[in-house]
Amino acid sequence: MIYVIELPAKGYPQAWFAYDKQDFANKMQTLGSPERERYVYWDEAEAIAAFEGRDPLIADKSMWRARHALHEQLVALDVLTDD
């Protein structure tokens, strides 16, 4: 799976997933917005590492909402447990 965090110009970050590259391309056409910054993690290992703070783009304390959105997505897909 592919995991995406979107950072809108206003409002809170959102996370979503795609099953594969084709699904990602389709969702980018329907969900994509040019004014949103995106962080893409191409598999579970990258997404988990990012959540754990190993992606400097979202590791800063000011990006806690982005990490939280990613965490919620990972828990919803049973990649992580909510312990």
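The model is a predicted one. In it, the protein contains 4 helices and 3 strands, and these elements follow the order β-β-α-β-α-α-α along the sequence. The C-alpha trace extends over about 35 × 25 × 20 Å along its principal axes. The radius of gyration is 12 Å, which agrees with the value near 12 Å that a compact globule of 83 residues would have. Of the 83 residues, 39% are buried. Among contacts with a separation of 6 or more, 48% link residues 24 or more positions apart.

The charged side chains comprise 9 positive and 15 negative ones. The centres of these two sets are 7 Å apart.

Strands β1 (residues 2-7) and β2 run antiparallel and are joined by 5 bridges. Within this pairing, Tyr-3 is positioned opposite Phe-17 of β2. The hairpin formed by β1 and β2 has 6 residues between the strands, and Gly-11 in this hairpin adopts a positive phi near 100°. Strand β2 covers residues 14-18, of which 4 of the 5 are buried, so the strand is largely enclosed by the rest of the structure.

Helix α4 spans residues 64-76 and includes Gln-73. The relative accessible area of Gln-73 is 13%; this residue is classed as buried because the value falls under the 20% cut-off. When residues up to four places away in sequence are not counted, Gln-73 touches Tyr-3, Ala-15, Trp-16 and Phe-17.

Thr-81 is located in the segment after α4. With a relative accessibility of 58%, Thr-81 counts as exposed, because the cut-off for this class is over 50%. Apart from neighbours within four places in sequence, Thr-81 is in contact with His-71 and Val-75. Thr-81 and His-71 are separated by 10 residues in sequence, and the distance between their C-alpha atoms is 9.4 Å. Thus Gln-73 is a buried residue, whereas Thr-81 is an exposed one.

Technical notes: Residues are numbered from 1 along each chain as its sequence is written. This is a predicted model: local features need pLDDT of at least 70, side-chain atom pairs count only at pLDDT 80 or more; totals for chains, interfaces and linings use all residues. Side-chain values use heavy atoms; hydrogens and water are left out. Helices (H or I, at least four residues) and strands (E, at least two) are DSSP runs, numbered from the N terminus. The radius of gyration is taken over C-alpha atoms; the globule rule is 2.2 Å times the number of residues to the power 0.38. Buried means under 20% relative accessible area, exposed over 50%, partly exposed in between (1.4 Å probe, protein chains only). Contact means heavy atoms within 4.5 Å. Lys and Arg count as positive and Asp and Glu as negative; His and the chain ends are not counted. The place of a charge is taken as NZ of Lys, CZ of Arg, CG of Asp or CD of Glu. Two strands pair if DSSP finds at least two bridges between them.
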